[in-house]
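Subject: A structure for you to look through

Hi,

Here is the structure I promised to pass on.

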Amino acid sequence: MFNNKILKIMPYVLGGLILVLIAVLVFMKLGDDSSEKETKVASEKTADKDAETISSDLTDDKTRIDTADEGKDTKVVDSGASLTEIKPEENIEIDPTPIPEPEPEVEPEPEPETEAEPDPTPTPTPTPVALEFEDKDDYVETKSDVNLRQGPSTQTDVVANLKTAKRLKRTGYNKEWTRVIYEDKECYIYTPLVTGTFDEPTEDGNAAPSTQTGTATLTTGVGTPNGHIVCIDPGHQTKGNSDKEPLGPGSSEMKAKVSSGTSGNTSGLAEYKLNLTVSLKLRDELVARGYTVVMTREINDVDISNAERAKIAADAGAQAFVRIHANSSSDTSVNGVETICMTNENKYNAELYTSSRKLSDAILNNVVSSTGAKKRYVWETDTMTGINWAEVPVTILEMGYMSNKDEEEKLIDDNYQNKIVLGIADGIDEFFR
Ligand SMILES: [Zn+2]
């Protein structure tokens, strides 16, 4: 009976033992997964005898930071049940100072996203700023052929090269660099390459004033400012433009926009080149004397009509519009200097006659005395488009005759050109006195 009873309960006992065994095996398997990780971390710690271990047991979060000496740091963050191992990139800086008893709410150190500096002192992104920027909210005009850079340093990338002068919004300034906006991007231009400042953008917000093709530039700030603005117009350009424009405002009489000018009989030098050479020297002389100078062009390859040149002078608020030319005659013996202005009966701007005549006389007399050239006269005429459109006192200086062998020789001479420039500048000084 007893044996029978045992036999009867044996299957239940065996079944129970099997269930217990299965339960134990399942439990052991789960245990292996986590102990593998802990073993791995533990072995790394063991290998590093100098490592400092900071560990803290928190109720919910456990943070452990193992710091090794050569940057092979391992950070272990145990959040709740899952143990996560994070291996940061090499050279990540972790403060080696032991953290005493972290606060219960302490966050694990934020993970550096990029490579950290090996320097233990945290440094901000290095920017080569030498000088502070003064905030600005206006417009500047650049010289032609200038670079706009990503940062205030020639070490930074060139964002754009401006072939022609441009007016740009200015947001910052120091003696070395000017911060401007170009095509919605903030960039920098070397301050000496900025030629002038303005309150307004131009019509299209991004061009030289009053002409689409001009290179009008304004130069200022070198000499002690004397408060006067002079517009210099180097006559002609590489190619004339025979399209017509009115001889004066409202006139039905039309004249070619700009002619190609004369050239030296012997040297073959084009008048437009000579005019620009002298005009650039004059610009520098006037700026040195404290004038603000507006150039209608600073290169030869432009297309600016005579009326447009007058408009440039007016728009710039010039108080004198000085147009530089050289003369020619079929009579090769003719030589000497003359200036040109309107008559006192000019239909368009006779109110400028007195001042223009004064400017013409002053420049003629002073150029003659500085060069020793023959004094011809002031020619009063209303046939010049660029004079008729003028809104400020105007004169044309005919520096000499390129058709006369002796005078041509002088005109192409650097020293003689300097004498002409001094004469013009003295004449302008006299005009403003
Ligand atoms: Zn000319």
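What share of the residues in the protein is buried? The answer is 34% of the 433 residues. Keep in mind that this is a predicted model. The protein has seven helices and 20 strands. Residues 24 or more positions apart account for 71% of the contacts with a separation of 6 or more.

Let's start with helix H3, residues 306-315. Eight of its 10 residues are buried, so H3 is largely enclosed by the rest of the structure. The buried ones are Asn306, Ala307, Glu308, Arg309, Ala310, Lys311, Ile312 and Ala313. What do they pack against? Their partners are strands S13, S14, S15 (254-258), S16 (292-295) and S17 (320-327), plus helix H5 (385-388). Just after H3 comes Gly317, with a positive phi of about 70 degrees.

Next, have a look at helix H4, which covers residues 353-371. At 1.5 Å a residue, its 19 residues should span 27 Å, and the end C-alpha atoms are 26 Å apart, which agrees. Buried residues in H4 include Ser356, Leu359, Ala362, Ile363 and Val367. The buried residues of H4 pack against S17, S18 (337-341), S19 (375-380), S20 (394-401) and helix H7. Following H4 is Gly372, whose phi is positive too, near 80 degrees.

That brings us to H7 (residues 414-432), which also meets H2 (residues 271-288). The axes of H2 and H7 come within 9 Å and cross at roughly 50 degrees. The two helices are therefore oblique to each other, and their crossing is right-handed. On the H2 side, the residues involved are Thr277, Val278, Lys281, Leu282, Glu285 and Leu286, and they meet Gln417, Asn418, Ile420, Val421, Ile424, Ala425 and Ile428 in H7. Sorted by class, this contact has eight nonpolar, three polar and two charged residues. If you wonder about the spacing in that list, an α-helix has 3.6 residues a turn, so residues three or four places apart point the same way.

While you are in H2, find Tyr272. Tyr272 counts as buried because it has 27 C-beta neighbours inside 10 Å, and 20 or more is the cut-off. Leaving aside residues up to four places away in sequence, Tyr272 touches Gly235, His236, Gln237, Thr238, Gly261 and Asn300. Gly261 is 11 residues from Tyr272 in sequence, and their C-alpha atoms are 6.6 Å apart in space.

Most residues other than glycine have a negative phi. His236, one of the residues touched by Tyr272, has a positive phi near 65 degrees. Asp184 has a positive phi as well, about 70 degrees, although it is not a glycine. Where do they sit? His236 is in the loop between strands S13 (229-234) and S14 (241-246), while Asp184 is in the loop between strands S9 (177-182) and S10 (185-190). Is each one buried or exposed? His236 is buried, with 27 C-beta neighbours inside 10 Å, whereas Asp184 is exposed, with 5 other C-beta atoms within 10 Å.

Happy browsing!

Key: Residues are numbered from 1 along each chain as its sequence is written. This is a predicted model: local features need pLDDT of at least 70, side-chain atom pairs count only at pLDDT 80 or more; totals for chains, interfaces and linings use all residues. Axes are lines fitted to C-alpha atoms, for helices over the stretch in contact, and angles run from 0 to 180 degrees between N-to-C directions. Helices (H or I, at least four residues) and strands (E, at least two) are DSSP runs, numbered from the N terminus. Angles under 35 degrees count as roughly parallel, over 145 as roughly antiparallel, 65 to 115 as roughly perpendicular and the rest as oblique. A crossing is left-handed if the near helix is turned anticlockwise from the far one by less than a right angle, and right-handed if clockwise. Two residues are in contact if their C-beta atoms, placed from the backbone, lie within 7 Å. Ala, Val, Leu, Ile, Met, Phe, Trp, Tyr, Cys and Pro count as nonpolar, Asp, Glu, Lys and Arg as charged, and the others, Gly among them, as polar. A residue is buried if 20 or more other C-beta atoms lie within 10 Å of its own, exposed if 12 or fewer, and partly exposed in between; C-beta atoms are placed from the backbone. The expected span of a helix is 1.5 Å times one less than its number of residues.
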